[in-house]
Amino acid sequence: MYYQLQNDEALLEMLCRSDTGAFDEIYRRYWVVVFRYAVGKVHTRQIAEDLCQDVFVSLWQRRNAVSIQNLEAYLVQAVKFGVLNYIRTKIKDKKYIDLSVAYPTTDNETENSVFLHNLMEAWEKAVAELPEKTQEVFRLSKAGNYSNKEIAVQLHLTEKAVEYHITKSFKFLRIQLKDFLFFLLLLLNL
């Protein structure tokens with residue numbers, strides 16, 4: 001069969017039937033388009049080749065699960081997602097590398113003390129940014145060791161409202177202190 005003479009729709013139909021010849025033709029036809037997009041975004045030939053490879057492997061693996069109307073658009077969109085995921089991963093990795101320089105973890109007591117001091121400052125700053133009522137509930141709960149019922153009585157709230165404020169506090173603090181979490185776990189050898 002002359003795959004080169006087939007249009008994209010015919011190739012996709014053959015691909016759905018696990019025709020490796022159709023897959024090879026799709027690869028030959030669109031590899032350059034996908035590669036050019038990838039290398040234009042990541043600026044590294046090896047990484048662009050890896051991203052292209054992932055796109056075509058995924059196409060083969062999902063050949064029966066996807067409905068493709070425009071093959072070229074589908075492949076370009078797939079490589080765009082691959083590039084975005086690659087960039088997100090690099091940003092996350094760089095962030096942790098940068099933080100490890102700022103907050104190294106060693107057995108040195110002085111460095112650990114500095115880290116803990118910085119963590120406590122960040123904690124206090126984050127708690128101070130909470131809304132007034134949420135901050136009040138949080139401080140009574142965690143610093144004052146009051147029960148939810150005691151806080152509710154003292155602040156004229158329902159226990160559900162107290163639970164809401166505490167949950168809201170933890171969500172906010174988790175976001176505000178996320179940069180410290182990784183290094184705190186290392187420091188504690190968790």
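Guide: Let us begin with burial: a residue is called buried under 20% relative accessible area, exposed over 50%, and partly exposed in between, with a 1.4 Å probe and protein chains only. This is a predicted model, in which local features need pLDDT of at least 70 and side-chain atom pairs count only at pLDDT 80 or more, while totals for chains, interfaces and linings use all residues. Residues are numbered from 1 along each chain as its sequence is written, and side-chain values use heavy atoms, with hydrogens and water left out.

Visitor: Is C52 buried or exposed?

Guide: C52 is buried, because its relative accessible area is 0%, whereas C16 counts as partly exposed because its relative accessibility is 38%.

Visitor: How many disulfides does a search of the whole structure find?

Guide: A disulfide is a covalent bond between the sulfur atoms of two cysteines. The criterion here is a pair of cysteine sulfur atoms within 2.5 Å, and a search of the whole structure finds zero.

Visitor: How do the axes of helix α2 and helix α3 cross?

Guide: Helices are DSSP runs (H or I, at least four residues), numbered from the N terminus, and their axes are lines fitted to C-alpha atoms over the stretch in contact, with angles from 0 to 180 degrees between N-to-C directions. The axes of α2 (residues 20–42) and α3 (residues 45–61) come within 8 Å and cross at roughly 145°. Contact means heavy atoms within 4.5 Å, and the residues that make it include F23, I26 and Y30 of α2 together with C52, F56 and L59 of α3.

Visitor: Which residues have the most contacts inside the largest nonpolar core?

Guide: A nonpolar core is a set of buried Ala, Val, Leu, Ile, Met, Phe, Trp, Tyr and Cys residues joined through side-chain atoms within 4.5 Å. The largest one has 26 residues, and those with the most contacts inside it are I26, A38, F56, L59, L71 and L75. The elements that give two or more residues to this core are α1 (8–16), α2, α3 and α4 (71–102), and α2 gives the most, with eight residues.

Visitor: What is L71 in contact with?

Guide: L71, which is found in helix α4, is buried, with a relative accessible area of 1%. Leaving aside neighbours within four places in sequence, L71 is in contact with D8, L12, I26 and Y30. L71 and L11 are 60 residues apart in sequence and 9.5 Å apart in space, C-alpha to C-alpha.
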